[in-house]
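Visitor: I am new to this structure and would like to know what lies behind the words used for it. Could you show it to me before I ask?

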Amino acid sequence: MTEPSQNPIPPARPVIGEREIEAAVRVLRSGMVVQGPEVAAFEQEFSELVDGRHCVAVNSGTSALQLTLMAMNLGPGDEVIVPSFSFAATANAVRLVGATPVFVDIERDSFNIDPDAVAAAITPRTAAIMPVHLYGHPAAMDKIMEIARRHDLAVVEDAAQAHGASLHGTPVGAFGLAGCFSFYPTKNMHSLEGGMITTADAGFARTLRLLRNQGMEQRYANEIVGANMRLTDVAAAIGRVQLTQLAGWTQRRQENAKVLDSRITTMTVPPVADGAQHVYHQYTVRVPGDRDAAQAHLKEQGIGSAVYYPTPIHRLKPFLDADGKPGPWDLPETERAATEVLSLPIFPTLTAAELDRIADAANGTGGAR
Ligand SMILES: *Cc1c(COP(=O)(O)O)cnc(C)c1O
């Protein structure tokens with residue numbers, strides 16, 4: 001029987017607090033609700049997270065990726081190297097501009113794109129490398145940037161899950177030509193829906209700004225063909241409130257991870273690479289045996305968990321060959337991860353008692369008192 005103290009713990013608990021509500025209402029009452037001063041302030045404030053890079057706010061993380069590839073003029077015939085072990089948005093963005101995703105395998109420990117596999121996948125048609133900082137752990141950017149330099153390739157970071165993560169002191173979103181963040185409610189910070197593109201290149205930033213707004217800087221003086229991917233000022237105001245809390249939330253996620261690392265004995269806890277600041281968008285373990293049974297057990301104990309991602313992108317319908325089969329990809333670590341991973345609750349508002357229950361349930365002893 002579920003006692004009051006045994007309320008279910010969800011996999012994630014997005015925050016929409018009084019400050020977020022007040023910020024949204026303030027903007028709504030001002031009457032200036034579309035892209036305006038709140039968006040400009042949000043961009044300015046977010047740039048502190050990415051070593052002062054230019055920031056361009058858009059209406060989602062997927063838009064951030066798509067707009068970046070549009071600004072790079074990628075299209076049919078261009079190949080973009082991506083991990084298959086990610087959210088479909090990574091490869092969708094490539095396909096949305098007509099380019100071809102080339103799937104490569106991941107490293108066992110970090111779950112992120114394997115630099116050796118990246119190097120091996122480069123062809124004369126390769127236009128860009130798109131690493132994902134999956135679960136909030138930075139990809140091996142030192143090695144990836146070196147490969148990119150050697151082959152004169154652009155790097156676009158999918159940082160949708162990694163606000164504030166870093167490698168050897170450099171924040172994600174400050175390595176490549178561009179970094180793309182998401183502000184979807186379950187991400188480490190949100191703006192209901194929203195995204196941000198970060199870049200050190202002022203000219204590229206201007207192109208992004210044109211493309212997100214019909215190709216206009218001055219109204220009705222369209223310079224290029226563009227889309228409408230603008231963020232609203234209501235969303236930006238919420239994002240600004242969330243951004244002020246991000247550092248504290250990240251610290252809580254890291255502290256929660258420490259507790260689970262030290263307590264969980266029956267599953268492989270997530271390793272952290274040398275020099276990496278992991279921001280634990282997800283706390284993802286590997287389950288050695290029957291994952292479905294483990295998940296069912298957790299559910300019985302009132303612990304929500306989730307599998308990110310049960311199907312690697314190269315096995316999803318839109319990415320199959322014309323004959324309905326996955327392409328010629330050889331991705332053993334990707335296939336293995338898809339069958340083994342399980343993400344446990346790690347969100348900042350977990351209590352010490354809830355962390356205990358998660359660890360106990362993970363160890364198969366939950367509820368036994
Ligand atoms: C969430 C996410 C996206 C897309 O962000 P949206 O804001 O949902 O469009 C892209 N890539 C990864 C890895 C994500 O987790």
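Visitor: What percentage of the 369 residues in the chain is made up of buried residues, and what makes a residue count as buried?

Guide: This is a predicted model, in which local features need pLDDT of at least 70 and side-chain atom pairs count only at pLDDT 80 or more, while totals for chains, interfaces and linings use all residues. Residues are numbered from 1 along each chain as its sequence is written, and side-chain values use heavy atoms, with hydrogens and water left out. Buried residues make up 55% of the 369 residues in the chain, where buried means under 20% relative accessible area, exposed means over 50%, and partly exposed is in between (1.4 Å probe, protein chains only).

Visitor: Why is the chain called as compact as a globular protein of that length?

Guide: The chain has 11 helices and 12 strands, and these are DSSP runs numbered from the N terminus (helices are H or I with at least four residues, strands are E with at least two). The radius of gyration of the chain, 21 Å, is close to the 21 Å given by the globule rule for 369 residues, so the chain is as compact as a globular protein of that length. That radius is taken over C-alpha atoms, and the rule is 2.2 Å times the number of residues to the power 0.38.

Visitor: Why is Ser63 called buried?

Guide: Ser63 has 9% relative accessibility and therefore counts as buried, as this value falls under 20%. Ser63 is found in helix H3 (residues 61-71), and, leaving aside its neighbours within four places in sequence, Ser63 is in contact with Val58 and Met229.

Visitor: Is Glu79 buried or exposed, and how do you know?

Guide: The relative accessible area of Glu79 is 11%, so Glu79 is buried. Glu79 has its place in strand E2, and, apart from neighbours within four places in sequence, its contacts include Thr100, Val102 and Arg125. Although Glu79 and Val94 are 15 residues apart along the chain, their C-alpha atoms are separated by 8.5 Å.

Visitor: Which residues of helix H4 are buried, and what do they pack against?

Guide: In helix H4 (residues 89-96), Ala89, Thr90, Ala91, Ala93 and Val94 are buried. The buried residues of H4 pack against H3, strand E2 (79-83), strand E3 (100-104) and strand E5 (154-158). Just after H4, Gly98 takes a positive phi of about 90°.

Note on methods:
Contact means heavy atoms within 4.5 Å.
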